[in-house]
Amino acid sequence: MPATKTVALAFDRKKLTDDQLLSLYQALVKPRMIEEKMLILLRQNRISKWFSGIGQEAISVGVVQALEPDEYILPMHRNLGIFTGRNIELGQLFKQWEGKKNGFTKGRDRSFHFGTNEHHIVGMISHLGPQMGVADGIALAHKLKKEQKVTVVFSGDGGSSEGDFHESINVAAVWQLPVIFVVENNGYGLSTPSDEQFRFKNFVDKGPGYGIDAVKIDGNNILEVYHTIRKWAADIRKNPRPLLLEAITFRMRGHEEASGTKYVPPQLFEIWKQKDPVENFENWLLEEGILSEAHQKKVKDQIKKEIEAGLEVAFAEPLPQPDKVEEYADMYAAFDQSLAEPDRQTGTEKRLVDAIQEGLKQSMERHPNLVLMGQDIAEYGGVFKITEGFVDQFGKDRVRNTPLCESAIIGTGLGLSVKGMKAMVEMQFADFVTCGFNQIVNNLAKSHWRWGQNADVVVRMPTGAGVAAGPFHSQSNEAWFFHTPGLKIVYPSNPFDAKGLLNMAFEDPNPVIYFEHKVLYRSLSGLVPEEFYTVPFGKARLAATGNKATIITYGAGVHWSVTAAENCGGNVDIIDLRTLLPFDKEAIETSVKKTGRVLIVHEDCLTGGIGGEISAWISEHLFRYLDAPVLREASWDTAIPFAPTLENEFLPKGRIASRLEELLGF
Ligand SMILES: Cc1ncc(C[n+]2csc(CCOP(=O)(O)OP(=O)(O)O)c2C)c(N)n1
């Protein structure tokens, strides 16, 4: 007779059969055994980094086993049990950890930073919070499609201090989204204990604050986790709404293996060792006579074999060879931009704002899976009235007022993409994109390259100065995004292009940052064909033609440059870039070869503006055709002042003509 082992946790099997309990046992032992092996490999220097989930396995395993296999889970860095629970082949998982080509990210991202739609998992990015907004988007898609599915997203107690946590729960609460937010409360965020992270005692206390249900459970008790998720998931599928689930647990190792555990009082390890989720469940199953020692051995032998086999194939694969063409190509989802040619003869005169509205409406009609999100865009029609009347035509499901949660909403856009939908997010003013910046530059921009998930999201950005609105309603911030591979940037200067480029943005499955100039909204009109048409990305337009010089510009700069060139006697090529990422190098080359003189004009500040890159490109590739240095005229390198007199002087429009004269004088 084996000696009886202690069981410190109270297990309640409810109606689970012996077979179900044994299958939970197998699922619980597996991540523990993989981890133990990884710790050995780490000591042998055969792997480089490891974030341990030892002590916390019951949460991942309980969650994944309680859900349907096609319900999405968005795990964190300690949730190995989610991946093994979805039966991911270990060889491929290990290749991912080792940075091999046949992992999940072609060696581009590490550890658990990947998604796999085949397994209904969307992995984290390093920033800890952004996956929560993505979970909202997946849940929104389920809700709109009436699919009766629940989505589970994880956070640590430390990560819960991030704005994304608050924003995403708030959005889920307001929209009644079927998301279970699991907080693995292990008492530490790296070395920072909870009392230096937040003031409250229990996460469940936050539930009423958000107007949602909240439940606290023992995260080390696999059956408690399993039963809780099963019960709530069943209810939430029928009656969609969010749940905040606090799972109390403890991290038995350091934040990551190199960082040690000196900051944790040793007695905590003693206390929590008694509550080990794997040993307790194992001992209980043995004690109850559900698990025999023979079966226990069989389970472990089989997992051991699986681990050894996985490691063998993973180690056998060499490190990936860099292939620049493939790296560049994978930054974007493939898109063959076939043109819907407009009939330019039959247009009517429209203002820029009307052209944008018409394009948006036509894209909504063309793509029934397109959802619009933004502050005050529903009945109110948006602050610039672009979506006026849209609710009547398309309904509130597709034209959604959002709380002031830029980050969560942009993340929601990515979540909709995961479910094959399209999203538009309207920034009330381009300035406010700072609050969603991380989601754009790290999540939308990189997800295709990282694991093949396109972000079919158009972010509309009412931009620009000239309305005396001060430093936070007037900025030009296209250069912030210009530096981010994976994005496309569109900046029309006239109604015709605005409509065609917006339509193209919705055709394109990649993230598009679409700038629309507030001053031009109602001050500029032009001929716009009624029908749906597109304007290609990466193709500039000549706003004027001539031989004496080339002005390269976009947006309001086009109109300022046309006037300035006319004042200087004309005969100047004016290139309206229309798209900034990519920008039309061919058009620039053709014109520079013809004129030999270049002035770049933009509304953004001079330093670090897009003109710097274009100038560098010209100097590098077209130097021999130049008769003068490449000049730039832009806004001052200051913030944007409010008073019209100051703002007017800040902007470059009054300086363009003299710069052109200077250029022509070389
Ligand atoms: C935005 C951001 N800030 C800081 C970090 C560095 N960092 C990585 S994990 C971590 C602690 C996270 O603690 P918690 O959310 O409680 O999860 P745990 O590691 O305890 O599982 C920190 C500070 C990060 N990854 N992202």
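Predicted model: local features only at pLDDT ≥ 70, side-chain atom pairs only at ≥ 80, totals over all residues.
1. Residues are numbered from 1 along each chain as its sequence is written, and side-chain values use heavy atoms, with hydrogens and water left out.

2. Where does Arg398 sit? Its place is the loop between helix H14 (390–394) and strand S12 (399–401); helices (H or I, at least four residues) and strands (E, at least two) are DSSP runs numbered from the N terminus.

3. Arg398 is buried but has no salt bridge. Buried means under 20% relative accessible area (1.4 Å probe, protein chains only), and a salt bridge is a side-chain nitrogen of Lys or Arg within 4 Å of a carboxyl oxygen of Asp or Glu. The nearest side chain of opposite charge, Asp397, is 8.7 Å away.

4. Beyond its neighbours within four places in sequence, Arg398 is in contact with residues including His367, Pro368 and Val371 (contact means heavy atoms within 4.5 Å).

5. Now for the ligand: 16 residues surround it, and Arg78, Ser126, Gly158, Gly159 and Tyr188 are the closest (a residue counts if one of its heavy atoms lies within 4 Å). A ligand oxygen atom is 2.7 Å from a polar backbone atom of Gly158.

Methods. Buried < 20%, exposed > 50% of the residue type's maximum accessible area, 1.4 Å probe, protein only. Lys, Arg positive; Asp, Glu negative; His and termini not counted. Polar contact = N/O pair within 3.5 Å; in protein donor to acceptor, adjacent residues only side chain to side chain.
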